[in-house]
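Student: I would like to learn how to read paired strands and pockets. Can we work through a case?

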Amino acid sequence: MTRSDPAASVPDVVRDASGEALAAVRGLGAGVPVLAFDVGGTDIKSALFDADGTAHGLRRTPTPIVDGDRTEVLIERLGVLAAELRAAHPAVEPQAVGLVVPGIVDADAGLGVFASNLGWHDSPLRDLASARLGLPVAFDHDVRAASWAERLLGGARDYENAVVLVIGTGIAGALLVGGVPYTAGGYAGEIGHSPVAEGPICPCGARGCLEAVASAGAIARRYHAATGIVPNGAKDVIARAAAGDQAAADIWNSALDALTLSLAQLTAVIAPEAVVIGGGLSRAGGALFDELRERLAARLSFHRLPVLVPAELSGNAGLLGAALRAREVA
């Protein structure tokens with residue numbers, strides 16, 4: 001790939017923290033060309049989408065690390081990545097940018113309200129990115145954008161009222177109500193930080209968050225704490241549980257119970273037609289989906305049970321959501 005400035009070139013991340021390689025990205029369909037960035041705590045996915053909706057230069061690169069607020073170094077990194085993408089594909093002239101980030105996000109105001117792993121508070125990310133890139137910027141929460149992509153292109157396309165749940169290192173969520181994301185100023189959808197137990201203490205500072213009990217990262221950490229054995233991720237713990245390891249079985253069972261409780265609460269309060277589950281843990285297949293279906297049915301009574309379906313856009317849902325949002329402001 002041609003680089004705009006070899007000295008500023010950014011290395012690629014071959015696999016993410018869970019060991020997953022970057023998968024090919026689905027096309028968007030016809031529309032204006034856009035740049036898209038999905039920023040995470042450890043890496044950034046980026047691509048340039050042409051007028052046919054084909055992704056060019058799909059990459060995953062490290063999120064820059066500094067002490068404290070990472071706003072300045074992030075905006076500079078986006079500038080470098082955008083320049084490299086445009087230099088490599090000069091025939092594609094983007095008309096807008098989609099930028100999605102984790103944490104608490106006020107999309108209307110363009111603010112990164114809070115992100116503990118990126119250090120910002122009320123950071124005007126949209127306006128800063130627009131000034132650096134010289135294009136209008138659509139700004140949103142990463143999982144909310146992913147839910148929009150799943151709504152238009154993936155597992156939620158048949159459901160106007162749905163919950164999108166991403167279970168990986170942590171647990172992130174988004175709510176679709178009447179076919180559109182419900183945001184509440186950026187505070188809605190924090191399913192991973194809903195309380196399901198008295199402990200353990202979550203990195204967010206609260207006690208007994210779903211993420212601290214049932215995320216893939218928590219399952220692996222809890223098994224290590226219980227046995228002294230470092231498992232090869234949550235999938236290894238699930239396999240050990242199936243093979244008769246009692247400690248693994250207890251941890252997996254408690255994770256399933258916590259997820260069931262959270263889904264039961266969501267079902268009783270907002271009655272989603274579907275729960276679309278993605279992230280690394282979703283690849284556990286029947287060990288997750290069949291168990292959750294059975295436990296949720298046993299937990300509830302008159303409620304309308306949601307359909308539990310796997311997400312379809314893999315780890316690229318956030319990037320696709322960013323591109324879709326960018327087309328809205330082009």
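Student: Which residue of strand 11 does Leu176 stand opposite?

Tutor: This is a predicted model. In it, Leu176 stands opposite Pro181 in strand 11. Strand 11 covers residues 180–182 and pairs with strand 10 in the antiparallel sense, over three bridges. The hairpin of these strands has two residues between them, and Gly178 takes a positive phi near 65° there.

Student: How many bridges join strand 9 to strand 10?

Tutor: Six bridges join strand 9, residues 162–167, to strand 10, and the two run antiparallel. Leu165 stands opposite Gly173 of strand 10 in this arrangement. Strand 9 and strand 10 also form a hairpin, with three residues between them.

Student: Why is strand 10 described as largely enclosed by the rest of the structure?

Tutor: In a regular strand, side chains alternate between the two faces of the sheet. Here, strand 10 spans residues 171–177, and because five of its seven residues are buried, the strand is largely enclosed by the rest of the structure. Buried means under 20% relative accessible area.

Student: Now the pockets. How much space lies in the second largest pocket?

Tutor: Rolling a probe the size of a water molecule over the atoms shows where empty space is left. About 270 Å³ of space lies in the second largest pocket. Of the 16 residues lining this pocket, Ala107, Asp108, Phe139, Asp140 and Arg325 are the closest to its centre. Strand 8 (137–141) and helix 9 (317–329) are the elements that give two or more residues to the lining.

Student: Which element gives the most to that lining?

Tutor: Strand 8 does, with four residues. By class, the lining has six nonpolar, three polar and seven charged residues.

Key
Residues numbered from 1 in each chain as written. Predicted model: local features only at pLDDT ≥ 70, side-chain atom pairs only at ≥ 80, totals over all residues. Heavy atoms only, no water. 1 Å grid on protein atoms, 1.4 Å probe; cavity = no way out; pocket = protein on both sides within 12 Å on 5 of 7 lines; lining within 4 Å. Points joined across faces, edges and corners; volume = space filled by probe spheres on them. Nonpolar A, V, L, I, M, F, W, Y, C, P; charged D, E, K, R; others polar. Buried < 20%, exposed > 50% of the residue type's maximum accessible area, 1.4 Å probe, protein only. Pairing = 2+ DSSP bridges.
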